[in-house]
Amino acid sequence: MSEFVIKLESAFGEKILGKKEFRGEHTVLVELSALHDVMVHCKEQLGFDFLVDICSVDHDSVHPRFEMVYEIASVDDSQHLRVKAPVAEDENVQSVVDVWKTADWHEREVYDMMGIKFTDHPNLKRILMWEGYPYHPLRKEFPLAGKPTEMPDVAFTGVAPMEGGPFVTSSCATDAVTGEPRAKGES
């Protein structure tokens, strides 16, 4: 087992529900109640300063139904860790936006596609489906062909749906790099 997994076990004891190594990749299963503290510890004490991804798994008929999966690494790519936590259908997950800003969009996508809610998220609203859409398309019970739903009349309003949205681009860019879309205020 890697040094950082041993340090996590030492710091969190029984809150670590399991650990696994497969082909050099390390995975730690933690209690949901300890997830946020584990993430803070990983960043501040163990040097995992890069949140690669957040996703979730729907185990459907198993309890707890969901599992949160966090992929974290160091910026120099010298270490990588997968942290998982089981989540019941009626449980919320503590947001890690305060640890990594990029978690904002990842958590919104998990909320939108799976219906898992995040406590203390600064702007938890749908990111891919429209507000008011009654389903979560990545849940196991959602049919592959989709469901008929009343689509809001966005396509015919005359205003682009992303107008005033979170990304901006320059129409008078002199090269491809300056013309790339980027987050407002972070160019």
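Residues are classed as buried when their relative accessible area is under 20%, as exposed when it is over 50%, and as partly exposed in between (1.4 Å probe, protein chains only). Helices (H or I, at least four residues) and strands (E, at least two) are DSSP runs, numbered from the N terminus. The structure is a predicted model, in which local features need pLDDT of at least 70 and side-chain atom pairs count only at pLDDT 80 or more, while totals for chains, interfaces and linings use all residues. Residues are numbered from 1 along each chain as its sequence is written, and side-chain values use heavy atoms, with hydrogens and water left out.

The chain contains three helices and nine strands. Their order from the N terminus is α-β-β-α-β-β-β-β-α-β-β-β. Of the 187 residues, 35% count as buried. The chain exposes about 11,500 Å², and carbon and sulfur atoms supply 52% of this area. Accessible areas come from the Shrake-Rupley method with a 1.4 Å probe; for residues, only the protein chains shown count as cover. A contact means heavy atoms within 4.5 Å. Among contacts between residues at least 6 apart in sequence, 45% join residues at least 24 apart.

Helix α2 spans residues 35–44. Its buried residues are Leu 35, His 36, Val 38, Met 39, His 41 and Cys 42. The cover over these buried residues includes α1, β2 (25–30), β4 (66–73), β5 (80–87) and β6 (93–94).

A pair of aromatic rings is described by the distance of the centres and the angle of the planes. Rings of Phe, Tyr and Trp (its six-membered ring) pair if their centres lie within 6.5 Å; planes under 30 degrees apart count as stacked, over 60 as edge-to-face and the rest as tilted. This rule gives four aromatic pairs. Phe 4 and Phe 48 form an edge-to-face pair, because their ring centres are 5.0 Å apart and their planes stand at 85 degrees. Phe 4 belongs to helix α1 (residues 3–12) and Phe 48 to the loop between α2 and β3, so the pair ties together parts that are 44 residues apart in sequence. Phe 4 is buried at 11% relative accessibility. Phe 48 is buried at 0%. Trp 130 and Tyr 133 also make an edge-to-face pair, at 4.8 Å centre to centre and 70 degrees between the planes. Trp 130 is partly exposed, at 23% relative accessible area, whereas Tyr 133 is buried at 7%. One aromatic cluster is formed by Trp 130, Tyr 133, Tyr 135 and Phe 142.

A charge sits over a ring if NZ of Lys or CZ of Arg is within 6 Å of the ring centre and within 35 degrees of the ring normal. Arg 108 lies over the face of Trp 105, at 5.7 Å from the ring centre.

Salt bridges were counted where a side-chain nitrogen of Lys or Arg is within 4 Å of a carboxyl oxygen of Asp or Glu. The count is twelve. Arg 65 bridges to Asp 58, with the closest N and O atoms 2.7 Å apart. Asp 58 is buried at 5% relative accessible area, and Arg 65 is buried at 8%. Arg 65 also bridges to Asp 60, where the closest N and O atoms are 3.9 Å apart. Asp 60 is partly exposed at 41%. A further salt bridge joins Glu 141 and Arg 65 (2.4 Å, N to O). Glu 141 lies in the loop between β7 and β8 and Arg 65 in the loop between β3 and β4, so this pair ties together parts that are 76 residues apart in sequence. Glu 141 is partly exposed, at 48%. Through shared partners, salt bridges join Asp 58, Asp 60, Arg 65, Glu 89, Arg 139 and Glu 141 into one network.

Backbone geometry follows. Most residues other than glycine have a negative phi, and most peptide bonds are trans. The peptide bond between His 63 and Pro 64 is cis, with omega about -5 degrees. Pro 64 lies in the loop between β3 and β4. Asp 77 has a positive phi, near 65 degrees. Asp 77 is located in the loop between β4 and β5 and is exposed, at 61% relative accessible area. Asp 120 has a positive phi of about 65 degrees. Asp 120 sits in the loop between β7 (118–119) and β8 (167–168) and counts as exposed at 61%.
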